[in-house]
Amino acid sequence: MKKASNRSNLTLVELEEGIFVRTPIPSENHSALRAGFAGYTANPRWCNSKVMAWRTGRAWRDALREETLAIRQSDGLLVPFAEAQETPQLSKEKKTNLLTKLKRRATSMHDAQQIQQA
């Protein structure tokens with residue numbers, strides 16, 4: 001029976017500059033993971049675990065190209081496409097405050113244009 005993975009055994013890995021992923025792959029295989037994600041060829045002297053990490057990196061790159069995975073804008077984490085598209089819900093109070101500020105700004109900009117025209 002397969003053990004369910006939880007966040008405690010996941011490591012944050014930087015695949016490329018600004019692109020991160022959480023993975024249970026051991027740290028000694030992170031270089032192979034990055035090489036696969038970057039599109040480099042596998043090293044024929046690698047052990048089996050490094051080749052598997054390299055294949056995982058290639059699969060993530062392919063999934064990113066096919067848009068089944070995406071990079072979340074808030075933190076640069078590689079996540080499923082649907083999760084990257086979700087935006088945090090604003091509370092009703094924050095929405096009201098935001099709309100009020102936008103209306104004030106629009107009104108003040110309109111007043112400034114009228115003054116310039118006069």
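User: Where does Asn-29 lie, and what makes it count as buried?

Analyst: Asn-29 lies in the loop between strand 2 and helix 1, where helices (H or I, at least four residues) and strands (E, at least two) are DSSP runs numbered from the N terminus. Buried means under 20% relative accessible area, exposed over 50% and partly exposed in between, with a 1.4 Å probe and protein chains only. Asn-29 has 4% relative accessibility, so it counts as buried. The model is predicted: local features need pLDDT of at least 70, side-chain atom pairs count only at pLDDT 80 or more, and totals for chains, interfaces and linings use all residues. Residues are numbered from 1 along each chain as its sequence is written, and side-chain values use heavy atoms, with hydrogens and water left out.

User: Which residues does Asn-29 touch, not counting those up to four places away in sequence?

Analyst: They are Ser-49, Lys-50 and Ala-53, where contact means heavy atoms within 4.5 Å.

User: How do you know that helix 1 meets helix 2, and how do their axes cross?

Analyst: Residues of helix 1, including Leu-33 and Phe-37, meet residues of helix 2, among them Ala-53, Trp-60 and Leu-64. The residues of this contact divide into 9 nonpolar, 4 polar and 3 charged; Ala, Val, Leu, Ile, Met, Phe, Trp, Tyr, Cys and Pro count as nonpolar, Asp, Glu, Lys and Arg as charged, and the others, Gly among them, as polar. The two axes come within 7 Å and cross at roughly 35 degrees. Axes are lines fitted to C-alpha atoms, for helices over the stretch in contact, with angles from 0 to 180 degrees between N-to-C directions.

User: What makes strand 1 and strand 2 a pair?

Analyst: Two strands pair if DSSP finds at least two bridges between them. Strand 1 and strand 2 are joined by 5 bridges and run antiparallel, so they pair. Glu-16 stands opposite Ile-19 in strand 2. The hairpin of these strands has 2 residues between them, and Gly-18 there takes a positive phi near 85 degrees.

User: Which residues touch the most other members of the largest nonpolar core?

Analyst: This core has 16 residues, and those touching the most other members are Leu-15, Val-21, Leu-33, Phe-37, Trp-60 and Leu-78. A nonpolar core is a set of buried Ala, Val, Leu, Ile, Met, Phe, Trp, Tyr and Cys residues joined through side-chain atoms within 4.5 Å. Helix 2 gives the most to the core, with 5 residues. Leaving aside neighbours within four places in sequence, Leu-78 is in contact with residues including Leu-15, Val-21, Phe-37 and Trp-60.
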